[in-house]
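Have the model open while you read this, and click along as we go.

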Amino acid sequence: MKFSIRTKLFIGMSCLIIFFVASSWLLNSRYLGRYYIYQKRAALVESKNAIEQIYRGDPEAISLALENIERNGSISINILDPDLSLKYPPSRIPEEFRRRRGDSPLLHPLQTKLLELTKGEYFIDVVMDPRLRTNFLVLASRLNNDDTLILSSPIAAINESTAIANRFSLFMGIITIFLGGIAVYWLSNRFTKPILALNDIARRMTKLDFSKKYPVQDDDEVGQLGSSINSLSDQLDKAISELTEANSKLKEDIERERRIDKMRKEFVSNVSHELKTPIALIQGYAEGLKLNINENEEDKDYYCDVIMDETAKMNRLVRDLLDLSQIESGYFKLEKADFDLGSLIDSVL
């Protein structure tokens, strides 16, 4: 099945748009969650550094700044004293966090690592809260006054954000494919329209119709091609007009040659016939003179007059042959002179 260049361009560009949209959605589905976690780890480290700069051992003194970090970063902040008892936040310390570290469900998986931390060190790990059965991205750091800073963010929120982003990406991809298809259809028509116009002009040129010209509007490749087609059309029109004129002249020359050839054949036939009579007369009268069959001078003069007259006829025939040869070669020139038409008519009669 043959496809036009417009259809090929539309299918190719549509497939390209679908490929990039599908690739983008696939990459988002596969790597966006990891990227969110990576960014969240960087945000936890940045929040830790900010807290270390303002914390002097009293969390109440910086409670507003800590709450601002929690709200803006969607991060839960916990500060523990050296024996891992909860110091912050005091307004929502649950009963289990007021007890010793061994009774805290969130800190229990981290107790060993927390005890091994030294001042200025930190680690990031994924911890499951057995009470909530939810995974948390946890950053634990030992502050300069031996307090322990714990920043946590639920991974479920990250996964939810990733899912929302993927759904939004899929929705935008569908819209992009739809709008892109419309744009590609419009562009394919726009790009192929001048090509179709040039094709129509070329078809007309094959039928020797050079009346239609391409309207050159831009100086791009298509415009330059249109200018070349127009120039070619003009040159072909001129060349074909010249060839037509030359062909017409050639036909006239051929017809003239045919007429001349016909006249020559008729003339040669007539001359051949006309030459027989004077040759026969000359031969006969010459033989009579040779055999002295004439009895007096008057008869001899008559014989000589007949021979001379027939010789003059043969001379005229030979000149006519020469004139015919000159006519065929193109060097014949008429000799114009005044003469008596009555005498000519009498001579012909």
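1. Some ground rules. This is a predicted model, so local features need pLDDT of at least 70 and side-chain atom pairs count only at pLDDT 80 or more, while totals for chains, interfaces and linings use all residues. Residues are numbered from 1 along each chain as its sequence is written, and side-chain values use heavy atoms, with hydrogens and water left out.

2. Start with the sheet. Five strands make an open sheet in the order β2-β1-β5-β4-β3, with antiparallel pairing. Strands here are DSSP runs of E with at least two residues, helices are runs of H or I with at least four, and both are numbered from the N terminus. Two strands pair if DSSP finds at least two bridges between them. The edges are β2 and β3 (122-129), each of which pairs on one side only. From one strand to the next, the twist averages 30°. (Axes are lines fitted to C-alpha atoms, for helices over the stretch in contact, and angles run from 0 to 180 degrees between N-to-C directions.)

3. Now walk through the pairs. β3 and β4 run antiparallel and are joined by eight bridges; look for Asp129, which stands opposite Thr134 in β4. β1 and β5 are also antiparallel, over five bridges, with Ile77 opposite Leu151 in β5. β1 and β2 pair antiparallel over two bridges, and Leu80 has Leu86 in β2 as its bridge partner.

4. Have a look at the turn between β1 and β2. This hairpin has five residues between the strands, and Leu84 takes a positive phi near 65° there.

5. Is β1 mostly covered or mostly open? Mostly covered: four of its five residues are buried. Buried means under 20% relative accessible area, exposed means over 50%, and partly exposed is in between (1.4 Å probe, protein chains only). On the sheet, α2 packs so that it touches β1 and β2, and its direction makes about 140° with that of β1.

6. Next, the nonpolar cores. A nonpolar core is a set of buried Ala, Val, Leu, Ile, Met, Phe, Trp, Tyr and Cys residues joined through side-chain atoms within 4.5 Å. The largest one has 18 residues, and those with the most contacts inside it are Ile51, Leu66, Ile77, Ile79, Leu149 and Leu151. Two or more residues each come from α1 (5-54), α2 (63-73), β1 (76-80), β4 (134-142) and β5 (148-154). α1 gives the most, with three residues.

7. Zoom in on Leu66. Setting aside neighbours within four places in sequence, Leu66 is in contact with Ile51, Pro59, Ile77, Ile79 and Tyr88. Contact means heavy atoms within 4.5 Å. There is also a second, separate core of twelve residues, which includes Leu80, Leu110, Phe123 and Ala140.

8. How many salt bridges does a search of the whole structure find? Four. The cut-off is a side-chain nitrogen of Lys or Arg within 4 Å of a carboxyl oxygen of Asp or Glu. The general idea is that side chains of opposite charge can pair when their charged atoms come close.

9. One to find is Lys87 with Asp147, at 2.9 Å from N to O. Lys87 lies in strand β2 (residues 86-88) and Asp147 in the loop between β4 and β5, so the pair ties together parts that are 60 residues apart in sequence. Asp147 is buried at 2% relative accessibility, whereas Lys87 is partly exposed at 26%.

10. Another is Glu52 with Lys48, where the closest N and O atoms are 3.5 Å apart. Both residues sit in helix α1, four residues apart, which is about one turn of the helix. Lys48 is buried at 4% relative accessibility, while Glu52 is partly exposed at 28%.

11. Glu257 and Arg256 also meet in a salt bridge, at 3.9 Å from N to O. Glu257 is partly exposed at 40%, and Arg256 is partly exposed at 38%.

12. Finally, Glu116 in helix α4 (residues 111-116). At 56% relative accessibility, Glu116 counts as exposed. The C-alpha atoms of Glu116 and Arg142 are separated by 9.6 Å, and these residues are 26 apart along the chain.
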